[in-house]
Amino acid sequence: MEYVQSNMHVDSQEPGNMVTELKSSPVAGKKFDHFKGLSMVLLGAVLWGVSGTAAQVLFQHDGFDAGWLVCVRMSIAGVLLLAGISMKSGPMRSIAVWKDKRDALRIVLFGIIGLLGVQYSYFASIRYGNAATGTMLQYMGPIFITGYLALRQRRLPSISQCVAVFLALAGALLLVTNGDVRSFSVAPLAVFWGLVSAMTLAFYSLYPQSLLRKYGAATIVGWAMLIGGIGMACITPPWHFTGHSSFGAWWLVCFVVLFGTLIAFYVYMSSLKYISPSEASLLSCGEPLSASIIAVACLHVQMGLPAIIGGLCILVTVAILALNRRKDR
C-alpha cells in the first residue's frame, strides 16, 4: 500500500500508465502471488475433499472395490506426473533418483508404506463409513507427528501441543460416537482404517523430506504413486474389475484420478512457491470441510451436533499445530 500511495499524487500521470505501474509494483506483485498461493491450496484441498465423496459413491452405490480404485488412481497419476516432468525437464531428471541405491530403496518404501498406505487406508475408511468421517480421522495425522517428534527430540510437547492432542482425542471420540460413548455411530472398521490413514499420513509427511529436497516433490511423488499403484496391482489387478459399470460411475473415476489426484496435488505443491507450509496446512482444512458439506448435502450423511463439534475440534487441532510450526520456523 505504501508504494501505491506514493504515486497517487502525480496528477499528470495517465490512468493507463498508473495501472501498469501498480501491476509492476513489488508490493502489489507479492500480494497477488500470496493470493494466488492461497487460492491454489484451497482449490487442491476442495478437490481432495470432493474426490473423497466421489469415492464414497463408487464404493457404496456402484460396488467398486477400494483396492482397484487405489491401483488405478495411483498408477495413472504417477505415469502422468512423470511424463510431465520428462517433457518439461528431460527424461534424465525423472530417473535421477534411481542412480543412488539408498535413495531408490527409500522411494520404494515411501511408495509402499507412505503413499499406498495412506491412499488405501483412507479409501477403506470411506468404504466402511463415509467421506466426512474418513477425512476427519485422517486429519489426526499431525497428532502422531507431534508425538513422534517429541520422542525423537526427547522433549515434552508444549502446552499448546498438549491442548491440540486433547482436542484431537476428544474430537475423535465425539466424531465416532456422536456423543454416546456406549456405542459407535460409525462402523468400527471405518474408525480402524481412518486411524491407520492418520498414522500413514504422519509417515508420508516425515519420511521423504531429504528426498524431496534433493529431487523435488513432483519427481518423488510421481515415482511413489507409480510404485504404490504397481504394489496394489499385485493384490488387486486393474483388470479384475467389480462393480456396476455406467457412464456416471466412470466419470467419477476420471474425476478422482485427474482432479482429485493429479490436479489437486499439482496445485497444492505449486502453492508452496507463494505461501508458507504453515499457511498451506491451515488452508488444507478445506478438504474435510468440503467432504463433510458435500456428504451431508448430496449423500444425506447424518452427522449429529456432537459429531460436528468433534470434527471442528480436529480442525482446531490442525490450526494450532500449523501455527506452532510457523513460530518454530
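Over the face of which residue does arginine 127 lie? Arginine 127 lies over the face of tyrosine 128, at 5.6 Å from the ring centre.

1. Basis of the note. The model is predicted, with local features requiring pLDDT of at least 70 and side-chain atom pairs counted only at pLDDT 80 or more, while totals for chains, interfaces and linings use all residues. Residues are numbered from 1 along each chain as its sequence is written, and side-chain values use heavy atoms, with hydrogens and water left out.

2. Charges over rings. A charge is said to sit over a ring if NZ of Lys or CZ of Arg is within 6 Å of the ring centre and within 35 degrees of the ring normal. Besides arginine 127 and tyrosine 128, arginine 106 places its charged end over the ring of tyrosine 207, 5.0 Å from the centre of that ring.

3. Aromatic pairs. Rings of Phe, Tyr and Trp (its six-membered ring) pair if their centres lie within 6.5 Å; planes under 30 degrees apart are stacked, over 60 edge-to-face, and the rest tilted. The count is 15 aromatic pairs. One of them joins phenylalanine 64 and tryptophan 68 edge-to-face, at 5.7 Å centre to centre and 75° between the planes. With buried meaning under 20% relative accessible area, exposed over 50% and partly exposed in between (1.4 Å probe, protein chains only), phenylalanine 64 is buried because its relative accessibility is 1%. Tryptophan 68, at 5%, is likewise buried. Tryptophan 251 and phenylalanine 255, by contrast, form a stacked pair, 5.8 Å centre to centre with 20° between the planes.

4. Helices (H or I, at least four residues) and strands (E, at least two) are DSSP runs, numbered from the N terminus. Helix H13 (residues 247-271) holds both tryptophan 251 and phenylalanine 255, four residues apart, or about one turn of the helix. Phenylalanine 255 counts as buried because its relative accessible area is 12%. One aromatic cluster is formed by Phe64, Trp68, Phe241 and Trp250.

5. An exposed phenylalanine. Phenylalanine 35 belongs to helix H3 (residues 26-60). Why is phenylalanine 35 counted as exposed? Phenylalanine 35 is counted as exposed because its relative accessibility is 54%.

6. Leucine 105 is part of helix H6. This leucine 105 is classed as exposed because its relative accessible area is 53%.
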